[in-house]
Amino acid sequence: MGSTGREGVSRVIWKDKGCPDRTAMTTPAGSGMGFGSVSWWGLSPAVDLQAESDIDASPAVVLSGPPPQADTEHETPELNVLLLGSVDGRHLLRTLARAALWPRRRFHFYVLENNLEAVARHVLIFSLALEDPEKMGLQERSETFLEVWGNALLRPPVAAFVRAQASRLAHLVPEPDRLAEQLPWLSLGALKFRERDALEAVFRFWAGGEQGPEPFPMSRLWDSRLRQYLGSRYDARRGVSDWDLHMKLHDRGARVIHTREFRRWRDTGVAFELRDSSAYHVPNRTLASGRLLSHRGDRVAARGYWGDIATGPFVAFGIEADDETLLRTSNGQPVKTAGEITEHNVAELFREMAAWGRPRTSQGDPEQVQGGTEGSPEPAAPAPEPFTVHFLSLGSAHTLHHKSCYKGQFQLLYVACGMVHLLSPELGACVAPGGRLIVELAQFLVDLRQEQLQAFSSRVGELAQAAGFAPHLGGKPSDTFARFYKAGDSAPSHEDQAVESGTPLPEVLAQPLEATDPPSEDRTQPLEPGTPPSEPLKLTSESQASLLEASAPPTGSQAAKSENQTVPPETKSPHLGHLNPGPGMRTHL
């Protein structure tokens, strides 16, 4: 089972100037690649993107960053944000939840992911957050979100909800008119037709009514990943878990993560146990993704779990809180766990998000958005401006600047740590002069040593400078995010010298496990029959796990890929996991 897209060879190559390559272990666990090739949750706390669009401002004052673009129809300024690899929508949700604290704006979020399963999870999460409160109460919505978002196993009622929502979304995706009517905040217009078909296939797999765990045996997949990750340390996995938690996550600012909840997640994939442990036994299909495996000389499409098994979903909502009492300590120990803080933060988030459901039917009509009865002396607060989430085509980061509708369009660019390799002058050309750039750092990747984290941070600065950004020196220093601003207009350059001459980073050069150890017949099993894809199966452009590899220029030894390895990243086509499962589609164990 591949983790970090490169699990199987437990080594890291350091490429120092003037020094030969040398091998160094990154973690006492063994392989040192627990991040995975697909990211399902963020590795940084949720942020308010309005605050990031002008770092020096506060909610009490009008933003003074790049001039907001006027929305002539609504006479309301717009905030256009481009997000690369935000994966779980946490930044968007927090921005919308805190919108009432800021001057009114109309939001346009442009989201670019490297796989369509992440797009599907975005859509499912927002559908849940905007669910009618009369159909699903606040507590039920919050608990459902936590399980779907962060648990490998679900309770039967939550699994039934996922199936129902997925079936609904599968019918809406191919019908643009119905989609616009029922989900007016969602725009799939920038996706290619084959990507929309693949997105529909993802939802149909989630909606599958097969009984039992065999179509996606999550428990076995998780254990297989864990065995490959830990290697000979598997029997000592509790000790490894405690080491990673206390010596790494706690030291890096995540002290509220409790030993018990972290161990449980490492062992079973269940991060949030809101009911009795025996209630969690249905595989969470939203964590499934596809990939090509080399099997007896043939390419075989397989589905499995290739996400994070090292850090966990606790960082996104569980280590910071607006209510400081949640973070207090007693005798040097946190009073609340990360799971409890996450429950509170998500409930408050959904409570504040309730206002965004009103414009869907009222379209801003004051008589329809009033909360009281007719003639009530205290009308409800005005409904917020509508927002739109635009999903961009996979692999389009380097071509956006060719379209006038994107060039100089965005006041804020967010780049996740796994997408840093996409930060380029071409992408910088899409940001308006004076616009902001925020880059997620690798602070909470437990497999990286301190010197690797520092090298990664330095490399981010070099890539940002080459893209036309300058460091933002004001504000509180952060180990989690690097912040920059665009000083002026900078045309995209095709010269790579500025990037290539930068500080070299350690590169994870392990081959995928499936390439070095092809699955035998007894380790795979076919999924449900379906129509084979009409075009050859290929991988997506870059894996999420290439955060370090792509930050440094490849050498000849890297470029020379053998035939037994996965399809080269230059290949641009739909992700395997989106394709309709055919007879050759297997579950990799």
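Helices here are DSSP runs of H or I with at least four residues, strands are runs of E with at least two, and both are numbered from the N terminus. This is a predicted model, where local features need pLDDT of at least 70, side-chain atom pairs count only at pLDDT 80 or more, and totals for chains, interfaces and linings use all residues. Residues are numbered from 1 along each chain as its sequence is written, and side-chain values use heavy atoms, with hydrogens and water left out.

Back inside H10, the buried residues are Thr-259, Glu-261, Phe-262, Trp-265 and Arg-266. Buried means under 20% relative accessible area, with exposed set at over 50% and partly exposed in between (1.4 Å probe, protein chains only). These buried residues of H10 pack against H4, helix H8 (218–230), helix H9 (237–249), helix H11 (314–318) and helix H12 (338–353); contact is taken as heavy atoms within 4.5 Å.

Now to H4 itself and its partners. The axes of H3 and helix H4 (residues 138–150) come within 10 Å and cross at roughly 170°, which makes H3 roughly antiparallel to H4. On the H3 side the contact uses Arg-121, Leu-124, Ile-125, Leu-128 and Ala-129, while H4 brings Arg-141, Thr-144, Phe-145, Val-148 and Trp-149. By class, that contact has seven nonpolar residues, one polar and two charged. (Ala, Val, Leu, Ile, Met, Phe, Trp, Tyr, Cys and Pro count as nonpolar, Asp, Glu, Lys and Arg as charged, and the others, Gly among them, as polar.) Axes are lines fitted to C-alpha atoms, for helices over the stretch in contact, and angles run from 0 to 180 degrees between N-to-C directions. Angles under 35 degrees count as roughly parallel, over 145 as roughly antiparallel, 65 to 115 as roughly perpendicular and the rest as oblique.

With helix H5 (residues 156–172), the axis of H4 again comes within 10 Å, crossing at roughly 80°, and that makes H4 roughly perpendicular to H5. Here Thr-144, Glu-147 and Val-148 of H4 meet Val-158, Phe-161 and Val-162 of H5. Sorted by class, the residues of this contact are four nonpolar, one polar and one charged. Thr-144 has a relative accessibility of 4%, so it counts as buried. Leaving aside residues up to four places away in sequence, Thr-144 touches Leu-128, Val-158 and Phe-161.

As for the nonpolar cores, each is a set of buried Ala, Val, Leu, Ile, Met, Phe, Trp, Tyr and Cys residues joined through side-chain atoms within 4.5 Å. The largest has 108 residues, and Phe-109, Phe-203, Tyr-305 and Phe-387 touch the most other members. Helix H3 (residues 116–129) supplies the largest share of this core, nine residues. Another core, of 36 residues, lies apart from it and includes Leu-427, Leu-441, Leu-448 and Phe-469.

Asn-114 sits in the loop between strand S5 (106–112) and H3, and at 9% relative accessibility Asn-114 counts as buried. Phe-410 belongs to strand S14 (residues 410–415) and is buried, with a relative accessible area of 1%. Phe-410 and Val-81 are 329 residues apart in sequence, yet 5.5 Å apart in space, C-alpha to C-alpha. Besides Val-81, the residues that Phe-410 touches include Asn-80, Leu-82, Tyr-110 and Cys-430, not counting those up to four places away in sequence.
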